Amino acid sequence: MSKYIFVTGGVVSSVGKGITVASLGTILKSRQITVSVQKLDPYLNVDPGTMSPYQHGEVFVTQDGAETDLDLGNYERFIDVNLTAESNVTSGQIYSSVIGKERRGDFLGGTIQVVPHVTSEIKERFKRLAQKSQADVVIIEVGGTVGDIEGQPFLEAIRQMRNDVGRENVLYIHVTFLPYLTSTQELKTKPTQHSVNELRRIGIQPDIIICRSDYPISEGARDKISLFCDVQRQAVIPLPTVDTIYEVPLVLEEEGLGQLVVEKLGLKVRKKDLGQWWELVRRIKEPLEPVNIALVGKYVELQDAYFSVREALCHAALYHNRCLNLLWVHSEDLERDESYSLLGSAQGIIVPGGFGIRGIEGMVKAASYARNNEIPYLGLCLGMHVMVIEFARYALGSHEPNSTEFYPDTPYPVIDLLPEQKVTKSKGGTMRLGDYPCQLVPGSHAASAYGEGLVYERHRHRYEFNNQFRTLLQEAGMLYGGLSPDGKLVETCELKNHPWMVSCQFHPEFNSRPSCPHPLFRDFIYVAKDVLREGAQPSLPLSA
Ligand code: GLN
């Protein structure tokens, strides 16, 4: 039977609870303990798929096509597992399921209440994941902070679990933040005490408190938290801000978190080995020559909107012993002819996914710049649409080629809705989602990157390359390096007369891992790193 670790957050959000959970997974996995993870999101949306990236950051897509919270991406990268739809539960899912059951008459005669009906539905999701994954430990992160109205049913459900499955099978970890007061130059523990009080009020006594802070945490502060929150001294774990997120498992391990969890849950440990992780962090921290990559997008004010893209670029840069210098370019700036200087120093240009017309013409300009100046280009989903639009405009000598997403009446709809999407009106969960096969065409950049014939990649889109234009664009110099196995859908395209201008209809960024970069990202950086641009020249030795 699986054991459960429930992780709650206190004081403020955005202190890296997701990374902490992912790191706990890394630590346990390094002891040969199998782990699965679940994120509970208290909002009423069924999934984040219909939310703006400004609200929510990136929407992470699982292999089985669930649109999920970006924390799942961190879990996958840190624990090196492929998660499924069961790993993200929202209040929206819970309520719609309970109400659906009520309408069907499953509770006939009863009054439907938060306790027990909603809480039972939540616990059902915990148990379902445990059953399906057969993991030794299921880590469950409760989104938001303790005290939020929306989070109450989730907290009540995790409280009940202690009795349901037995105290020895459940562990509660609370991640809090210690604010720093400049006037007195000290870290304050009072907000942590309050948030633990709030937890206790609903019947949860944390076993471990992880203290996030931007400053070193004194022994005195640890003592105080231990005393006031009634947690063992060694179970107050400091987690100061570190240079790279990949260092977090090492910090937590050094502070004894792994050993503590193993003891408290009575887990069987075979062998502990974090060697690979130490090596990864050592390499990340080495002074490496930068590679300048321009990311041209429309949500760049909120960098979390491109979380997996940024990570995938970092992994690929590290593979080539480079550090990523990401130049964030707002596509609307390019429309106003601003920010061109950033493109001028970029050794590679990436145009990631997105929806809607805003900023599209700026992305087209970036693609045009990459094509004309032979700058390596990687287009991801929308980035492929942009590349096709730009190339079609060049090939046809017209400004009219477009995607029907942006210009429904274009005479040259080079990107158009999939036939099945034309009849779909509702928005939630109706895109082409999750893994689909892609057959690679020998001789293409795409095929040489992957080094294998058939690959599976994750999708999230409604629009697709329009086959009516396949021959025309091919004759003008476009090559289709990856197709659906029946040959009907263009999955990747590239330009013949360009060093490396490659785009894909799918999202390879979701499959990149710190020690195993995605092949397309890896080859993109491989070509980009040797492009010499202003400010990108390797530094000369100062003296002979
Ligand atoms: N907006 C485009 C579509 O729906 C691209 C989506 C994306 O980049 N994920 O097809």
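## A facing pair in two strands

Pro 437 stands opposite Tyr 456, a residue of strand 19; strands here are DSSP runs (E, at least two residues) numbered from the N terminus, as are helices (H or I, at least four). Strand 18 (residues 432–440) and strand 19 run antiparallel and are joined by eight bridges; two strands pair if DSSP finds at least two bridges between them.

## Basis of the model

This is a predicted model, in which local features need pLDDT of at least 70 and side-chain atom pairs count only at pLDDT 80 or more, while totals for chains, interfaces and linings use all residues. Residues are numbered from 1 along each chain as its sequence is written, and side-chain values use heavy atoms, with hydrogens and water left out.

Nine strands form an open sheet of mixed pairing, in the order 13-12-14-15-23-22-21-18-19. Strand 13 (322–330) and strand 19 (454–461) each have a single partner strand, so one side of each lacks a neighbour in the sheet.

## The ligand

Residues surrounding the ligand (a heavy atom within 4 Å) include Gly 353, Phe 355, Cys 381, Glu 405, Tyr 463 and His 507. Helix 16 (382–396) and strand 19 each contribute at least two residues to this shell.

Polar contacts are pairs of N or O atoms within 3.5 Å. A nitrogen atom of the ligand lies 2.8 Å from a polar backbone atom of Arg 460. A backbone N or O atom of Gly 354 is 3.0 Å from a ligand nitrogen atom, and a backbone N or O atom of Arg 462 is 3.0 Å from a ligand oxygen atom.

How values were computed: A polar contact is a pair of N or O atoms within 3.5 Å; within protein, one must be able to donate a hydrogen and the other to accept it, and residues adjacent in sequence count only if both atoms are side-chain atoms.
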